[in-house]
Amino acid sequence: MDKFSLIAIYVMDAPDKSISKILHQGCWYFFNQRYLQENNQLKLNSLYSIPDDFYGSKVNIQAIVGKNGSGKSTLVEILIRIINNVAYYLLDKFSKNNKLCFIPNIHAALYFEVQIDGDRRVIGIKCDGKDCFISITHIDIKVDKSQFVEFKWQAIHTLKKKNETIDILHELFFTIVNNYSLHSYNAED
């Protein structure tokens, strides 16, 4: 993998405020400015000018910053819950030793970009209640920097070739650095 970058979390309309907490439902939370939302769709930002190798080859630094109580920890919790649920659907069916538990009532989507040998892919994984979905879109930034990213969602449990999906999501590797003591009080997870 040449490049990995988180794009955004979209919190869908959901009745469970114990998960979305202070976050606004129907709202996008971006990790960088390469993309923006327009008419509730993800779109490349034609004004974004930071080069891919700004931090060095294969290095991307992103952070969540904000005031106390602004939802930073909630975004991290939703990100981890989405990844957990997708892993449950993909891995739990294959391994008897896997001890993953599905977390219901997650109504959010995680978007990230990977670049492999010059091929850019925007990948969306979302959880909507009791199911998880995936969409993979190839984009060509050189052709049209103002293009919308089209998503065609497919339920993960209906995929015929789960190994291909596992290979694709293998690119979803990154390090989360946070204060774990903040999350020690989440007895629900």
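Reply: Gladly! Two strands count as paired if DSSP finds at least two bridges between them, and strands (E, at least two residues) and helices (H or I, at least four) are DSSP runs numbered from the N terminus. This is a predicted model, so local features need pLDDT of at least 70 and side-chain atom pairs pLDDT 80 or more, while totals for chains, interfaces and linings use all residues. Residues are numbered from 1 along each chain as its sequence is written, and side-chain values use heavy atoms, without hydrogens and water.

Me: How do you know that β6 and β7 pair?

Reply: Strands β6 (residues 119-129) and β7 (residues 131-139) share nine antiparallel bridges, and the rule asks for at least two. Within this pair, I125 has I134 in β7 as its bridge partner.

Me: What makes β2 and β8 edge strands?

Reply: The open sheet runs β2-β1-β5-β6-β7-β8, with antiparallel pairing. β2 (27-30) and β8 (154-155) each have a single partner strand, so one side of each lacks a neighbour in the sheet.

Me: Why is I61 called exposed?

Reply: Exposed means over 50% relative accessible area, buried under 20%, and partly exposed in between (1.4 Å probe, protein chains only). I61 has 52% relative accessibility, so it counts as exposed. I61 lies in the loop between β4 (41-44) and α2.

Me: Why is α2 described as largely enclosed?

Reply: Of its 20 residues, 15 are buried, so the rest of the structure largely encloses α2.
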